[in-house]
Amino acid sequence: MTFFDTLETRSQDERQAQLLAGVNEQIARVCAAPGAYLQDIAPLVDLSELARLPVLRKSDLVRAQQENPPFGNVPVGEIVHVFQSPGPIYEPGGTRRDWWRMGRFLHAAGIGRTDVIQNCFGYHLTPAGMIFESGAQAVGARVIPAGTGQTELQVTAARDTRATAYAGTPDYLKVILDKADSMGVALTFSKAVVGGGALFPSLRQEYADRGISCLQSYATADLGNIAYESAAMEGMIVDEHVVLEIVTPGTGTPVAPGEVGEVVVTTLNPDYPLVRFATGDLSAVLPGMSPCGRTNLRIKGWMGRADQTTKIKGMFVRPEQVAALVDKHSEIQRARVIASREGEMDRMTVQIEAEGGDQTQFARSVIEVLKLKGQIEVVAPGAIPRDGLVIEDQRVYD
């Protein structure tokens with residue numbers, strides 16, 4: 001087995017030391033910029049100290065970009081592209097080799113110099129197409145910049161160029177394959193690298209039955225590649241140029257190992273230094289090392305959205321408010337807000353994990369922090385599932 005580079009098989013001590021140095025360089029870059037979102041941060045002596053820094057949320061970045069376009073208060077280095085994502089939010093793009101670090105994923109998927117990739121990610125405004133093209137260049141593959149739509153032309157291009165690999169959303173490959181079947185065209189895809197949507201096991205199996213190995217990555221327009229699958233298909237391996245944390249939604253507090261929480265990422269890209277950037281996605285750390293031999297941390301992959309903001313009785317309840325409720329009482333270890341229906345009315349139940357404490361005081365704090373009255377249920381420590389939910393909406397709308 002070959003690896004993309006020697007970083008993938010580093011010892012944990014070596015990796016931690018090199019990541020720490022890179023994080024401190026990023027913090028220094030941010031702090032040196034006028035009006036930046038971090039100021040006067042001393043160098044960290046351990047990566048665990050990241051937890052004392054504030055979390056940078058996409059909503060913060062949108063507001064900053066509106067005040068100081070196009071990139072807000074993030075210092076930006078050498079870039080050649082400006083992309084737009086829903087929000088709107090603007091992301092920079094560079095042409096330095098493998099700027100988004102997608103080559104590592106394509107190499108793990110077995111894509112190299114002999115491959116022709118039909119890149120069906122969009123090239124219009126959003127960076128997905130460029131992200132995968134940059135990765136293809138890093139592994140020496142040729143690219144058909146196909147973009148989205150015009151499925152019959154996609155089939156023709158794949159046939160005529162004898163494309164060996166597909167890049168795009170998980171479900172669009174099936175659209176192309178089904179169109180090829182209806183046209184009586186045999187395609188030569190044997191590999192697929194996908195992202196931007198859920199890869200359901202049944203769909204992966206359908207591709208496998210057609211002789212196509214399909215692996216997925218977890219990437220965002222802001223951060224580039226965060227984690228990726230290898231042929232072992234046991235979780236997703238974290239990229240070597242990011243530091244990934246799993247925190248309780250609405251906070252910056254790391255969860256216990258193995259618990260579900262929000263993915264927070266610090267990237268080592270010197271051109272766009274994002275420190276503790278909250279993705280809004282849920283995941284959990286997998287114990288142990290991948291059977292493929294890569295030694296970095298693994299996560300379970302995408303497990304839902306961390307932004308669980310829910311309207312109850314006409315008022316929005318946010319994860320940050322639930323976190324504030326927990327912080328208000330030293331006895332409270334964890335809390336969960338449950339939205340349900342009683343007749344035709346919304347009902348809010350607040351489950352509180354605590355040993356001792358005054359339930360009346362808890363109820364007053366709920367009104368003060370959440371701005372709503374709710375039924376208080378004090379439960380034993382450990383009773384609330386560790387599934388990343390702090391707000392659970394049980395209402396069913398027919």
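1. Strand 5 (residues 165–168) is covered on both faces, with Ala165 and Ala167 buried on one side and Tyr166 and Gly168 buried on the other; buried here means under 20% relative accessible area with a 1.4 Å probe, protein chains only. This is a predicted model, in which local features need pLDDT of at least 70 and side-chain atom pairs count only at pLDDT 80 or more, while totals for chains, interfaces and linings use all residues. Residues are numbered from 1 along each chain as its sequence is written, and side-chain values use heavy atoms, without hydrogens and water.

2. Strand 5 has partners in strand 3 and strand 6. Strand 3 (residues 116–119) runs parallel to strand 5 and is joined to it by three bridges, with Gln118 having Tyr166 as its bridge partner. Strand 6 (residues 191–194) also pairs with strand 5 in the parallel sense, over four bridges, and here Ala167 stands opposite Val193. Strands count as paired if DSSP finds at least two bridges between them.

3. The chain as a whole contains nine helices and 20 strands, taken as DSSP runs (helices H or I, at least four residues; strands E, at least two) and numbered from the N terminus. Its radius of gyration is 23 Å, close to the 21 Å that the globule rule gives for 398 residues, so the chain is as compact as a globular protein of that length; the radius is taken over C-alpha atoms, and the rule is 2.2 Å times the number of residues to the power 0.38.

4. Of the 398 residues in the chain, 52% are buried.

Methods. Buried means under 20% relative accessible area, exposed over 50%, partly exposed in between (1.4 Å probe, protein chains only).
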